Amino acid sequence: MQFVSEKIIDGVIEKLDSLTDTNYENRMATFAESQPVLTAYLFDDENFELLTEDEQGFMQYLALIVWESILKVNGTTPEVGEDQIGEAEEKNYEILEGTTAKKFRDRLDPFFENYKQEDLLAFVEDAVCEDEDDPESMVTKEGREPIFISVKTVIDVLTQ
């Protein structure tokens, strides 16, 4: 699996942001057709009941950016299964729970150790921590953890 650079990620974001609503929905539908189990995981309200509707949409948008970026660099990805998602998510929560840092960004440091897709991970970290001190921020303090873990899980299963 080739490295996905910040330049690729920025290009994908630019492309997605320029799409009409219909074309964006078509890209999301293509993602769902290519990765049905993964998109079912991302759209499962029970998994993400702590998130606001905007946070759920933002998480799905981040996952689409990750998928599109990986696709651009590496071509099609094998379809991901439920077991892969469950194992990756569990491992990610174990890492997070194993940290003793107080600040959220500091709690994410162990995820970066020897991680092959560092730019994708940094993109997700920045997305969930952006405006973290702003009470009007789209991502709430409670939403940062599940959004980070879920999109990190998406990266993990798509780049295994």
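Begin by selecting helix 5 (residues 82–97) together with helix 9 (141–159), where helix 5 passes helix 9 in a right-handed crossing (right-handed if the near helix is turned clockwise from the far one by less than a right angle, left-handed if anticlockwise; helices are DSSP runs of H or I, at least four residues, numbered from the N terminus). The two axes come within 9 Å and cross at roughly 130 degrees (axes are lines fitted to C-alpha atoms, for helices over the stretch in contact, and angles run from 0 to 180 degrees between N-to-C directions). That makes helix 5 oblique to helix 9, given that angles under 35 degrees count as roughly parallel, over 145 as roughly antiparallel, 65 to 115 as roughly perpendicular and the rest as oblique. To see the contact (heavy atoms within 4.5 Å), show Gln84, Ile85, Ala88, Glu89, Asn92, Tyr93 and Leu96 of helix 5 against Glu145, Pro146, Ile149, Lys152, Thr153, Asp156 and Val157 of helix 9.

The model is predicted, with local features needing pLDDT of at least 70 and side-chain atom pairs counting only at pLDDT 80 or more, while totals for chains, interfaces and linings use all residues. Residues are numbered from 1 along each chain as its sequence is written, and side-chain values use heavy atoms, leaving out hydrogens and water.

Stay on helix 5 and colour Ile85, Ala88, Asn92 and Leu96, which are buried (under 20% relative accessible area, with exposed over 50% and partly exposed in between, using a 1.4 Å probe and protein chains only). Viewed down the axis, the buried residues of helix 5 fall within an arc of 75 degrees, so they line one face of the helix; the arc is that of the directions from the helix axis to the C-beta atoms. Their cover includes helix 3 (36–42), helix 6 (104–107), helix 7 (109–112) and helix 9. Turn to the other side of helix 5 and Glu82, Asp83, Glu87, Glu90, Lys91 and Glu97 are exposed.

Next, select helix 2 (residues 21–34) and helix 4 (residues 53–74), which pack at an angle of about 70 degrees with their axes 11 Å apart. That makes helix 2 roughly perpendicular to helix 4. Among the residues making the contact are Tyr24, Met28 and Phe31 of helix 2 and Tyr61, Leu64 and Trp67 of helix 4.

Finish in two loops. Asparagine 114, between helix 7 and helix 8, has a positive phi near 60 degrees and is exposed at 77% relative accessible area. Threonine 140, between helix 8 (118–129) and helix 9, is partly exposed at 26% relative accessibility.

Notes: Expected span 1.5 Å × (residues − 1).
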